[in-house]
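Thank you all for coming.

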Amino acid sequence: MAVSCSDNLEDLNQNIKDPTAVSGESLFASAQKQLADQVVTPNVNLNNLRLWTQQLQETTYTDESQYDQITRAIPDNHWREIYRDVLKDLDEAARVISETDNDLTNALKPNKLAIIEVLTVYAYSNLVETYGDVPYSEALDIDNLLPAYDDGLTIYKDLIARLNSAIGGMNTGVGSFSDTEDMMYSGDVSHWKKFANSLKLRMGIMLSDVDAGLSKSTVESAVTSGVFTSNADNGSYMYSAAAPNNNPMNDNLVLSGRNDYVAAVTIIDIMNDLEDPRRPVYFTDVDGEYIGGEIGEISAYPDYSHVADRLVDPTEPGVLLSYVEVRFLMAEAAARGYSVGGDAATHYAAGITASFDYWGAEDVAAYLAKPEVDYASALATSTSSPAWKQVIGTQAYLGLYNRTFASYLSIRRLDYPILAEPTGAESGFPTRYLYPVGEQTLNEDNYNAASTAIGGDAPETRLFWDKFYTFDF
């Protein structure tokens, strides 16, 4: 009994099985997966944008299709996921990698830090594009529980500067993360540089109606430096066959055993009118027809089209940024008079072609020749001002199917196609997420200041870059 006892309780209370420190590379890998999951998931508690952009409609519980942001605390959940599980992990990853001195990996350090910075910019830009003014200069400090909110446009401009610095710091002749640490590009720095430039292109376009000069210079420099040039460049997270590393669409639509979604009538009607060859690769048919559920209404699962099998494959990559999106952004840039090599019609056709190629759809040449699709003839019948907004906006919408935040950005910026007012809508079309309830109660003074600065914490409040609105509700 004497030898079995000890008065050194601190030594006995140590957990010798778990690590006492986590590597920066592991933190980066975790942040990358959390970001991909949050962008890709169809979970109604986390991401309802397939419903808001009317690509899908709910079968039984229609609240989210009716723009209910509160019942499931969507703004709170997205805020938490991006700040805590993405940005804080990236911040800590950068700190640990910076402080680690290892002769075997020191040469890789600058590229690792640049890649972390690129994903950090991606995450912060998403917050600004989704909420407006957000905590930035005082964010991520665990000792500051009441961070002030920064002006959205000021943040955005600073993010572009940070992106420029990260791009300039990348050395494509040296490696970075390993293929087990980076599930997007396996540490290929040349691909990360293209990703960074493509993100810069998108951010530049987002400023087109608020700061045309900065928008033009940002877009043109991104294209000059090198954006995506094929679907092989896509910024996609590589999921695996088994949970928990399977695609969240598989997790929520197959493994859950639930039949919560059908195709939405808005996208189905557009594709039916165009006899779009992508219908069978996007959706299932019902006795040879493609049928979408009415927006905001209960839609019995057997009566409507569903997402095609490919979308719920566990290994389907989760796309954060795509070549399809890049081509439509370049079409928009050319239509605005920016020098991006080629005209709007060329980039527009290339965007449609890239979408067909990505999904394995056939007959793109015949589709492009349709009067409703051909760029010149579609411009002639467009009812938008300028005419290219409706033309590019409609095809970008179809090309960005299943892309959640990318589709949401495109619709809010171009305001086309015209969406339907949901039955029982709880607000007008939500042009932003509400601020989290937690911020309203725990960070009240800073919340009130931010709410006042953006023009009110309402779903319909248009953010600094969103100057136009064409829906009738």
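In this chain the mean positions of the 31 positive and 69 negative charges lie 5 Å apart, where Lys and Arg count as positive and Asp and Glu as negative, with His and the chain ends not counted, and where each charge is placed at NZ of Lys, CZ of Arg, CG of Asp or CD of Glu. Please keep in mind that this is a predicted model, in which local features need pLDDT of at least 70 and side-chain atom pairs count only at pLDDT 80 or more, while totals for chains, interfaces and linings use all residues. Residues are numbered from 1 along each chain as its sequence is written, and side-chain values use heavy atoms, leaving out hydrogens and water.

Side chains of opposite charge can pair when their charged atoms come close. The structure holds 22 salt bridges, each being a side-chain nitrogen of Lys or Arg within 4 Å of a carboxyl oxygen of Asp or Glu.

One of them joins Arg202 and Glu325, whose closest N and O atoms are 2.9 Å apart. Arg202 sits in helix α7 and Glu325 in helix α12 (residues 323–335), so this pair ties together parts that are 123 residues apart in sequence; helices here are DSSP runs of H or I with at least four residues, numbered from the N terminus. Are these two partners buried or exposed? Arg202 is buried at 5% relative accessibility, and Glu325 is buried at 4%, buried meaning under 20% relative accessible area, exposed over 50% and partly exposed in between, with a 1.4 Å probe and protein chains only.

Finally, Asp209, Glu332, Arg336 and Arg413 are linked in a network of salt bridges.

Definitions and conventions: Helix = DSSP H or I, 4+ residues; strand = E, 2+ residues; numbered from the N terminus.
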